Amino acid sequence: MEIDVGLILDIGSLEGRMMQSSISMAISDFYRVNGYYKTRIVLRTSDSKGQHLLALSSAFDLLENFNLGAIIFIGAQSSMETKLLGELGDKAKIPIISFCAPSTSPFSNKSYPYLVQIAQDETSQVAAIAAIVEAFKWRYVIAIHEDNDEWGVFILRLVESLEGKNIHIAYKSSLAVSSADNQINEELQELMAFGPTVFIVHMSPILASRLFMINVRSSSIEVMDSMKGMIGLKSYVPPSKELHNFTSRWRKKFLLETDMEVMELTPFCILAYDVAWGLAKAVERARPKEILLIEILLRSKFKGLSGDFQFINGKLVLNAFEIVNMIGKGERRVGFWTPEGKIARELYSSIHGRELSLSNTSGELEDIIWPGGSATIPKGTVTKMSSRKLRIAVPRNGGFPELVNVDRNLQSNVTSVTGFCIDVFKAAIEEVELELEIEVDYEFIPFLNATGENIGTYSELIDEVYLQKYDGAVGDITMTENRSLYVDFTITYTDLGVGTIAPKNNKNMWIFLKPLTGDLWLSSAGLFILTGIVIWLIERPINNEFQGPTSHQIGMIFWFSFSTLVFAHKEKLLSNFSRFVVIVWVFVVLILTSSYTATLTSMITVQQIQLNSKENYIGYQTNSFIVKGVISNLNFKNSNLQPFSSPEEYANALSRGSKKGGVSSIIDEIPYIKIFLAKYSADYAMIGSTSTANGFAFAFRKGSPLVPYMSRAIAKLRENGKLMKMENEWFKRQSTFASEDDDTSSVVKPLTLDSFRGLFLISGVSSALAVAVLYGFMLYKNWHFVKNFNLRDIMWRRIKFVIEYLSINN
């Protein structure tokens, strides 16, 4: 039985021809060894010509023209193309075996069960690169990568891995495949300004070849010559007799077919041989039992040319990496990196081919010849941040000049830039210069027009940095997720979050009634009196202090009830039942008074604001979309929102209140609130805050080398207290400061009856139980008297007396 298998690859490329030759030899060798098999794979080849759309189109054509059992897809793919292949396999219910570049993010086997990706694991590559950098004790490196989403993900993982080892990427340079030679040359000129340092290059072979050729500025040498001294990673294939025999046969066959002599097979070519062998084996096992071919293939396990062939979680398990040093027109192996994360000069394979062990020289590599023919290990330092003066844009905030202010003196034609944000930037730059022992040359460029107003919004300022009109921007610029797509931000240097400002409630003479709701006040008073009556009922028969005239006894009930508020009752209780009731009641009173005191204290500090009231107006800072996003969650009408631009306008609106054309509260970011409270803390306070991930940060163009250094500098300024000192100088420069309580108050609600139902129930049940037990005991003790007591006769005589009395009076 013949089984058609589609093979899509770029036949015009050397790699494509090599892969096609390996796959065809694998199928031929397999059926020569297993001649008795009833199935035969027939390759249906389609030329993609290196074009992604043509490759995908070829897949549809093959499915339409042949009854395919599987498709082998060879070539670089984007995530979108890989996703389409996965969906194609799901629809056709056949395995799609994709040999893809390591930059393509792998999809999980659960998402696309028919997609089998054969690629070098990005995680392993990142770990191997980080281990090499760490082994040479380099602290700073520069990354050069291809400018697309696929390769960008790799760089993000690399940054994370290096940072975990305290290794920093000083600069990230990105180049597109479509970049002209002069653009690549300009970027190389910029990189040269950093001096001799360590570069990590991660890009497709086509772009990498152009980069190295332009770097050496010579058209007379080959690409391999331009890479002299570089070190790189290469998938390791354990040597074996079978691999040696196959390589010899393949070289002869390839020379006859193409008239090209290739000295060494790539690891992918060897993997392609094993994949084709495993597919042929799976086809034979699947057909008689009508089992899904993909299930058989993923369970395949055999000794192949690349070692043990086995899938785990839908991914082909690969061996270690070889670390190679480019010399002359070839390469020299200088060591290994194993999946366990170790580096060694030698790697020994066990008899099974996959059980790897390190040599005694673990952690060392063979001597390396670096670029220029030097045997000296590069220092991995950055001697300069840029070859030109950095242009830093500065906006103006007229309402909050404490944060950032640009002042132009028309007479002297001198522009001064001041503010908290400016001071933090200068201090961070100084820390960077001390760390790197260099001078960072920069200048502030006012983001102002001829009239002294900002040229545009802060979002438009971010766009200008993205378009590289400026190298960075400093000011009260909030870091957001959307802005991070266009620029690189440092860590934040201000408090995160949004807060609410409201007038203090210090003018209400009846505020002492507000901690408890009306029903709780009435319920508490009723329970006080009920407890007094219960004590009176228990103590009156045996305690002289609870006897006397009726007025005295009524006064005693009220006195004893409310004296428990201050635990000041002097009456001696004689009954254990009354003592039990008092103990429970004192516990209730203690909790009630403590809750009342805490609530009243909070209410005296701030005024409760009902943010969901339709009658209230809310203020916010003009053009602050962060605050607008928070307010939108409160479901206010747009007509209830009032924009303001300065602390003075905030105070004026709050003083008038919603009923007089002002607002009941102001919602703004924490740094602006601090400045406001520094001036008006006597009458206003922050009554609540909402945590957000947004705060002020410095913005730089993508890939700026300053970002990691500035972030560490900001962290250092925070740790040593300099950041707080600068904040106090600018935010609390006024004569009146906000107190600790004012700044930390939250919105307070009165206590309700629901909060104390259980407590009151315990007290009521305790009192009722004490009275019931006491009178039950008395009834039992005097039962002989009650039994002989003629209640009916007494009641009849009483009724007759009333009737006669009424008749006489009428």
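Me: Which residue just after α4 takes a positive phi?
Reply: Lys137 does, with a phi of about 60°. This is a predicted model, in which local features need pLDDT of at least 70, side-chain atom pairs count only at pLDDT 80 or more, and totals for chains, interfaces and linings use all residues. Residues are numbered from 1 along each chain as its sequence is written, and side-chain values use heavy atoms, with hydrogens and water left out.

Me: What makes α4 largely enclosed by the rest of the structure?
Reply: 10 of its 14 residues are buried, so α4 is largely enclosed. Among them are Glu122, Val126, Ile129 and Val133. Buried means under 20% relative accessible area, exposed over 50%, partly exposed in between (1.4 Å probe, protein chains only).

Me: Why is Ser664 called buried?
Reply: Its relative accessibility is 14%, so Ser664 counts as buried. Ser664 sits in the loop between α18 (647-656) and β27 (665-669).

Me: What joins the side chains of Ser664 and Ser658?
Reply: A polar contact of 2.5 Å (N or O atoms within 3.5 Å, one able to donate a hydrogen and the other to accept it; sequence neighbours count only if both atoms are side-chain atoms).

Me: Is Leu485 buried or exposed, and why?
Reply: Leu485 counts as exposed because its relative accessibility is 58%. Leu485 lies in the loop between β22 (472-473) and β23 (487-489).

How values were computed. Helix = DSSP H or I, 4+ residues; strand = E, 2+ residues; numbered from the N terminus.
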